[in-house]
Amino acid sequence: MLGAAAVALALTVALAQATAHLATRAAEFWPLLILAGLAGAAVVAGLRVRDRRRRRADRERLAHLRITLPELDTMGDQEFEYALRDLLVRDGWAARKVGQGGDQAADVIGVRPPLGRIMVQAKHTRVGGKVGSSVMYQVKGTAGPAHRADHAVVVTNGAFTRDAMSWGDRHGVRWVDRDRLHRWAHEGKALHELLGLPARRSRLPWRRTA
């Protein structure tokens, strides 16, 4: 019995000594741990500040964005789509480029409460080129069912045939030709003001009532 008590006492003493040693070591290193934690927090805060500054700089740049028709004419198809996205962002839309294979006639999608959701089909063409009615048919067929859009717009740096404009006006597919594009991109007129988009979500002609 005495031997067991001695072993237990020895273990207790050893445990106390180990605990005291760890406490001493922790006391030696806790300033370093605090400094490491502060440094990590400073890095995270710095990254957040940089990200906020970058977003603010982007907003300021886009707020003053102006693109001339000659600049638009020299763009490729992808550049043209990105330019339309940036113009929508300038106008206050949360917009993103979506155009790619299988895009179902959408190149840019934007959202802006209370105007709703806009779908843009970009048609970059040579100067003097014309967009025909078939594009308007395609946009009408996908804007509502595939993209849940409240507004559908076809934008070109060229022109539209008379049939395309007339058909679009009748069926709710808005169009932006070279003249309107100049007013939007270079003069700074907001697209929703240029096209007279309603200030609340509208029901497109292809949407059926429940």
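**Strands, then helices**

Reply: Strands β1 and β2 pair in the antiparallel sense over 4 bridges. Two strands count as paired if DSSP finds at least two bridges between them; strands are DSSP runs of E with at least two residues, helices are runs of H or I with at least four, and both are numbered from the N terminus. The model is predicted, so local features need pLDDT of at least 70 and side-chain atom pairs count only at pLDDT 80 or more, while totals for chains, interfaces and linings use all residues. Residues are numbered from 1 along each chain as its sequence is written, and side-chain values use heavy atoms, with hydrogens and water left out.

Me: Which residue of β2 does A94 stand opposite?

Reply: A94 stands opposite V111, and V111 in turn stands opposite R117 in β3. Strands β2 and β3 run antiparallel, joined by 5 bridges, and a hairpin of 3 residues connects them.

Me: In what order do the strands of the sheet lie?

Reply: The open sheet has 5 strands in the order β1-β2-β3-β5-β7, with mixed pairing. Strands β1 (94-97) and β7 each have a single partner strand, so one side of each is left without a neighbour in the sheet. At the β7 end, β5 (residues 151-156) and β7 pair in the parallel sense over 4 bridges, and V155 has V176 as its bridge partner.

Me: Which strands does α3 lie across?

Reply: Contact means heavy atoms within 4.5 Å. Angles, from 0 to 180 degrees, are taken between N-to-C directions of lines fitted to C-alpha atoms, for helices over the stretch in contact. Helix α3 lies across β1, β2 (108-112), β3 (116-123) and β5, at about 175° to β1. Helix α4 packs on the sheet as well, touching β2, β3, β5 and β7, and its direction makes about 145° with that of β3.

Me: Which residues of α5 are buried?

Reply: Buried means under 20% relative accessible area, exposed over 50%, and partly exposed in between, with a 1.4 Å probe and protein chains only. In α5 (residues 162-171), A164, W167 and G168 are buried. Seen down the helix axis, these buried residues fall within an arc of 100°, so they line one face of α5; the arc is that of the directions from the axis to the C-beta atoms. The face turned away carries the exposed residues R162, D169 and R170. Cover for the buried residues of α5 includes β4 (130-131), α4 (133-147), β6 (159-160) and β7 (173-176).
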